[in-house]
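User: Could you show me how to read the surface, the helices and a loop position in a model of this kind?

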Amino acid sequence: MSSTSWAAPLSEALSHPQSRKPTRPDRPCDICRRRKSKCVKESAQDKCVLCTFHGLECTYLDGAQPRRKRGEPDGPGAPQQRSILRDQHPKRLKIVRAPSDDAGGLEHGAAAESGPSLLDRTLGLHRTMHFKYIGPSSVHEPRLLDLIHSPRYSRPAGRAEEAKFRRVDGTTTFVSRSDRQTFSTWEVDQELDMIEQLVEPHGPGLVDLYFRIIHPSYPILHKAVFLEKYARSYREFCPPLLAAVYLLAMDWWEYDRDLSARTKPDSGALLAAALKSMTGAIHRPKLSSAQAGLLLLQRSGGDSWVLTTQLVAVGEELGLHVDCSSWNIPEWEKGLRRRLAWAIFMQDKWGALIHGRPSHIIFPSWNLPVIALDDFPESAADDDDKEGSTEVEKGRLLFIQLTKLTRVMAHALDALYGPDQTKVHLLVATGGIQALLEVVKPLAVDLKDWASNLPPTLRMEDVKTRKLCSNGYLHLSYFVTEIILHRVIVRCLTSDTPEELRVLCREAGKARLEHAINFVDTLRPEHLQGFWWFASPKSLAFIRTFGGLLWATSETDEEAEFYRKRLEDFRWSLRVRAKGVGFVTAALQEMEENLQDLNMSRSPGAYRTPESQRLDTPSRSAETEGSYPYMGLDSDDIHLQGQQLDVAHADSVLSLLDMETPTLHGLVDNETEQALGYTDMEELQHPTLEY
C-alpha cells in the first residue's frame with residue numbers, strides 16, 4: 001500500500017502541544033488503540049510499525065476508547081478488516097486480476113498495484129525476492145563478501161542497481177534470488193484462485209475463526225500483517241499458507257453462527273491443493289513457507305516426518321537457526337523469526353520422539369535465544385469477545401512454557417533414546433539400574449523445576465466462561481516427558497535387579513500411569529474443543545504403550561490383570577470423548593493400528609521370551625566391568641561395590657520423577673539428601689499437575 005501524501009509528520013503534532021493530550025511512553029498511538037494492536041516503534045523511528053505500514057500519521061490525540069460490549073456493532077473508527085472478517089454475510093474481497101503472460105515478471109497483480117510496502121524491508125517476507133542464508137563453510141568466502149560490501153567497491157557495468165547479497169550485520173549475509181527464477185507467477189495465481197474458489201464465499205469467516213481459536217494458542221503468524229494483506233487481496237499470499245489457515249479453521253466450523261448453517265467446503269480438495277503448492281513454496285523459501293508447513297502439520301492426522309524434515313531445511317535456508325537480535329531488519333520480523341525458529345525446533349524434537357527417528361537439529365547448531373513476551377505482537381487487549389474464542393495472553397505463556405519443556409524432553413531423548421541403544425544397555429550392564437538412575441536424575445530435576453515454575457494461568461482448572469482452553473496439550477506433553485523417563489527404567493529391570501529396587505521402580509511407573517490416565521479423565525469440553533497440537537494423538541498413544549509395557553513385564557497374573565483393566569478403562573475414556581474431537585479419534589486409530597494383534601486377555605507370560613534369549617536384555621560381562629564409556633560417565637561417577645545397591649539413593653532419584661512414589665525415609669542422612677537434591681514429598685506436590 002503506497003504512502004499517503006497527506007500524512008503529516010509526527011514532529012508537526014509535537015510542535016503544537018496544546019492540540020494534543022500528554023502522552024506516556026508506553027501508551028499506544030491512536031491507530032493502534034482503535035485496532036487493539038500492540039504499538040511497536042523501531043529504534044530511531046518517529047512512527048510505529050503499523051502507521052509506517054499504512055503511511056498514516058502516528059498521533060496521540062484520542063482519549064481512552066470504551067470497551068465494546070458483546071453484540072454491539074463496531075464504531076465508525078473500527079478497522080476495516082474487522083468489518084470484513086465479521087460480516088454476517090461475508091462478501092468476496094476485491095480481487096486484483098493478473099495481466100496476460102506477456103506483461104512478464106512477478107511485479108503484477110496485487111503486489112504491483114499496492115505500491116511500496118513495509119514488507120519490502122523484510123528479509124523473510126519480501127514480495128518479489130527470497131533470501132538464503134550463507135553459512136561459514138559455503139562456496140561464498142566471507143573475505144570476498146567483505147570486499148563486495150566495502151564502500152569503495154564498484155559493481156560491474158550494467159549491475160549498478162543489482163544487489164545480489166544482503167548483509168544484515170557485520171558477519172551475516174544472505175544471497176538474494178528473484179521469485180521469478182523459481183516459479184511462474186501465473187501458476188501461483190491459478191493456485192490461489194483455485195484455493196479461494198474451494199471455500200468461496202466463506203474465506204473471511206474462516207480467517208476470523210483461525211485468529212479467534214487457533215492463532216492465540218499457536219502464534220506463528222503476524223496477525224496484523226496477515227489481515228492487512230487479506231483485506232487487499234488473497235493473491236498476496238503464499239498458496240499453501242492460505243490453504244492451511246482455511247483447513248485448520250474448518251475444524252471449528254460450528255463455532256461461527258453464519259458458517260454453521262452452511263455447507264462445509266471440500267476439505268480433501270483443499271488439502272490436495274495445499275500439498276501440491278507446498279512443493280513450490282519450499283523452493284522459494286520465505287517465512288510464509290515455514291508457516292504453511294507448520295500449520296499443515298498441526299491438522300489432526302496430518303503429521304508427517306518427511307515434511308518436518310523439509311521444514312528444518314527451509315528454516316536453515318531462512319537463517320532461523322541463527323540469532324537475529326543484531327540484524328538490520330524490522331523489530332516485528334525479529335519476533336516472528338524467533339517464534340518460527342522455536343516452532344520448527346519443537347516440531348523436530350517432538351516429531352523425532354513420537355516417530356522414533358533421530359532429530360535433525362543439534363543444540364549447538366541452532367542458536368535460539370530464550371523467547372520472551374516481547375516477541376509476541378498481540379496481548380490480552382486483542383482477545384476476541386465471541387463465545388468459543390481462546391485467550392491471547394494464556395496462549396503466549398503456553399508457547400513460552402512449551403519451548404522450555406521441549407528443551408528438557410530433547411535432552412532426555414538424546415541421553416536415553418539415541419539410535420544406538422546398546423549405549424543404554426551397556427551402561428546398565430556395567431553399573432546396574434543405579435547407573436541409569438544417575439543419568440536420569442538431572443533430567444528429573446529439570447522437569448521438576450519446570451513443573452514448579454508453571455504459571456497459575458496455565459493450570460487445567462483455569463478455564464473462563466464460554467472460552468476454549470488449550471492448556472491440555474501442554475500438560476499432555478509434560479506427562480509424555482515423564483513417561484519416557486520411566487519407560488527406559490522399566491525396560492531395563494531384570495531378574496538380576498534386587499527385588500526391593502525393582503518393586504520401587506515399578507511402583508513409580510504405576511503411579512505415573514495412573515496420573516496420566518486421571519488427567520485424561522478430568523478433561524472438560526472446554527479443553528477437548530480447544531486447539532491440540534500435532535503430537536497430541538501419539539502422546540495419548542504413548543500412555544497406552546507405557547501401560548502395555550507395565551502389563552508385559554508384570555511379575556504376577558494379578559498385576560497383569562490390573563494393568564489390562566486400567567488400559568481398557570483408558571480406552572473407554574477416550575472413546576466417549578472422541579465424537580467431534582479429532583485428536584482423540586486419531587489417537588484411538590493409532591492404538592488400534594499398532595496394538596490390534598496383541599491379545600491382553602492372555603497372561604503376558606504366554607508371550608514372554610526367556611531373558612537369556614532376548615537381544616535387548618542388559619547383561620554384565622568382564623569386558624564392561626568398571627568402565628562407563630557412554631552417557632558422559634566414567635568409573636568415578638558411580639560408586640558401586642559389587643551388587644551392593646543404595647536403595648535410598650535410587651528412591652531419592654525416583655522421588656524427583658514422581659510426586660506420589662512411596663519413599664524410604666530414614667535410610668539417608670541430611671547431608672546425602674541435600675547432595676542428591678532430595679526433598680520431602682509434601683514440598684514436591686504442585687497443584688498445577690494434580691488431577
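Analyst: Accessible areas come from the Shrake-Rupley method with a 1.4 Å probe, and for residues only the protein chains shown count as cover. In this case the protein exposes about 31,400 Å², of which carbon and sulfur atoms supply 50%. The model is predicted, so local features need pLDDT of at least 70 and side-chain atom pairs count only at pLDDT 80 or more, whereas totals for chains, interfaces and linings use all residues. Residues are numbered from 1 along each chain as its sequence is written, and side-chain values use heavy atoms, with hydrogens and water left out.

User: What percentage of the 691 residues count as buried?

Analyst: A residue is buried under 20% relative accessible area, exposed over 50%, and partly exposed in between (1.4 Å probe, protein chains only). Of the 691 residues of the protein, 54% count as buried.

User: How many residues of H15 are buried?

Analyst: Helices are DSSP runs (H or I, at least four residues), as are strands (E, at least two), numbered from the N terminus. Helix H15, residues 331-355, is mostly covered, with 23 of its 25 residues buried. The expected span of a helix is 1.5 Å times one less than its number of residues, and H15 reaches 36 Å from its first C-alpha to its last, close to the 36 Å expected. Just after H15, Gly356 takes a positive phi of about 65 degrees.

User: Where is Asp496 placed, and why does Asp496 count as exposed?

Analyst: Asp496 lies in the loop between helix H18 (471-491) and helix H19 (499-521), and Asp496 counts as exposed because its relative accessibility is 62%.
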